[in-house]
Amino acid sequence: MIRLSHVDKAYPNGALALKDVSFRVGKGEFVFLTGHSGAGKSTIMKLLFAEQRPSSGEVRVSGYDVSTLRADEIPRLRRRLGVVFQDFRLLEDRTAAENIAFALEVTGARGDTIAARVMRVLTQVGLAARSRAYPRELSGGEQQRVAIARALVNDPAILIADEPTGNLDERATRGVFQLLRDINAGGTVVVMATHDLDLVRQANYRTIEMRDGGVVYDSAEDEANEAQAGEAP
Amino acid sequence: MKLLTREALLSFRRAPLLSALSITTIAFSLFTLGLFGLVAINLRAALRGLEERVEIVAFVLRGTPAETITLATEDIAAFPEVQDVQYITEAQALGRARRELVEFRDAYRDLQVNPLPASIEVRLQEGYRDAASVERVAQRLRGFSFINDVRFGREWVQKLDHLRNVTGIVGLVIGLAFAAVAVVIIGVTIRLTLLQRAREISIMRLVGATNWFIRGPFLLEGALKGLLGGLLSLLLCYGGYLLFRDRTGGAFAGLIFFQTFQMVGIVVFGVMLGLGGSLVSVGRHLRHV
């Protein structure tokens, strides 16, 4: 589903945000991307939804080659992804339902199907009763659930979540994380950048750790090595 | 499509003052173009009338026998360029002068001797009313021994023609200057809307709206402003036209207004100005939001 090979990303001033990053994410996986601020997590996220392009190397997402993607193909890639941010990015002057419907309207969904699809995802994130609430009337956790519902409404194959619990208290964090696990259980690939190590320890998911723009640890490789080591003698 | 129209119309509510300003600038730009256009089409209409009346007048020497003139008239009528020939006797010339030149009526009434010469008036066929043909026919008329002098109004017809061209060019230049201002103002309005809606646009991008989908409402907004500006300018032009025609006490009662295709042209030009302004602005600023 996702493949990065030898990806470099240089800032305009020449400094490297990413150095020779390679990893793959297969079908149905849940992957944590961890590391301190500035380690390169967000840059990887931005490469995944083609907000940025690699300076060199290859980034393939859901069959699209981000390095060579034409500008008019970017919307097509994004319709196959769901993206969630720390700051929710909801429109303040629209209700929860309208925020989700907006994502369908702007991608040209058929008008008569929109209401039903919006209710379906709102139910999925447990907010069916709050569909007419404006973002300011919702708690942080609820706002993030609306954002997740918006990300899900186009039935994405991959959900990219950049610090989705960064602004939430512990209880809301648990709720949102459980929601992401449920989504993953339904077959959607989830890539979640976080520096909440408690969360990472809580679940036994693959973890890729970044430092100074490079991958310093990948639990999948670790397991592979251990498996190899176990077979060796 | 519903969304597109809704978003475009919303922008008028979001920035009513700027929207009004853009529409007014377009309207004034087209109003200027339109006024000069009106002068130009009216001059052209007047010139067309004059061209039909292009006459060559050959003055006949006093004492030329009537038979000579009759024969010559037949000769001249056989020229390929000539539509008809009329012989005006001295008496007819005086009668006409008294009739037409009201201001000199008294002077002509008291005359003892008729000072006006007889003349042969020649009207040319359509297609031969250009300067070269007129000059050719005039040359041939001078060849008759009894012809004293040949005159034709070509020169001031050409002057009027020149005036019409100058009017057209001046109107075009001023109108285009206004048009440029209109494009800039529309661009600024669109840019403000873009900044106002940067968050919305970034979310549209994120969920996979195409660039054209994002641009659509802005382009429609510009086109609508152009349309309204164009219509307003026509209204202004018509008002100006009526005012001028009626205040000048009938001297310009025959003034004409634009024909339908010309009005459509003005409105279409307005739409293009609006569309152009928003295209440039959206193209330049959409990248940065």
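**Checking the labels**

Analyst: This is a predicted model. We can start with a helix of chain A and then turn to a sheet of chain B.

User: What covers the buried residues of α4(A)?

Analyst: The cover includes α3 (96–105) and α5 (140–152) of chain A.

User: How do you know that the span of helix α4 of chain A agrees with its number of residues?

Analyst: The helix has 14 residues, 111–124, and at 1.5 Å a residue it should span 20 Å. Its end C-alpha atoms are 21 Å apart, so the two values agree.

User: Which residues of α4(A) are buried, and why are they called that?

Analyst: They are A:Val118, A:Val121 and A:Leu122. A residue is called buried because 20 or more other C-beta atoms lie within 10 Å of its own. Seen down the axis of α4(A), the buried residues fall within an arc of 100 degrees, so they line one face of the helix. An α-helix has 3.6 residues a turn, so residues three or four places apart point the same way.

User: Which exposed residues does the face turned away from the buried side of α4(A) carry?

Analyst: That face carries A:Asp112, A:Thr113 and A:Ala116.

User: What makes β2 and β4 of chain B edge strands?

Analyst: The open sheet has four strands in the order β2-β3-β1-β4 (chain B), with antiparallel pairing. Strands β2 (82–88) and β4 (147–152) of chain B each pair on one side only, and are the edge strands.

User: How do you know that β1 and β4 of chain B pair?

Analyst: Pairing needs at least two bridges. Strand β1 (residues 55–60) of chain B and β4(B) have five, in the antiparallel sense, so they count as a pair. The bridge partner of B:Phe59 in β4(B) is B:Asp149.

Conventions:
Residues are numbered from 1 along each chain as its sequence is written. Chains are lettered from A and ligands numbered from 1 in the order in which they are written. This is a predicted model: local features need pLDDT of at least 70, side-chain atom pairs count only at pLDDT 80 or more; totals for chains, interfaces and linings use all residues. Helices (H or I, at least four residues) and strands (E, at least two) are DSSP runs, numbered from the N terminus. The expected span of a helix is 1.5 Å times one less than its number of residues. A residue is buried if 20 or more other C-beta atoms lie within 10 Å of its own, exposed if 12 or fewer, and partly exposed in between; C-beta atoms are placed from the backbone. The arc is that of the directions from the helix axis to the C-beta atoms. Two residues are in contact if their C-beta atoms, placed from the backbone, lie within 7 Å.
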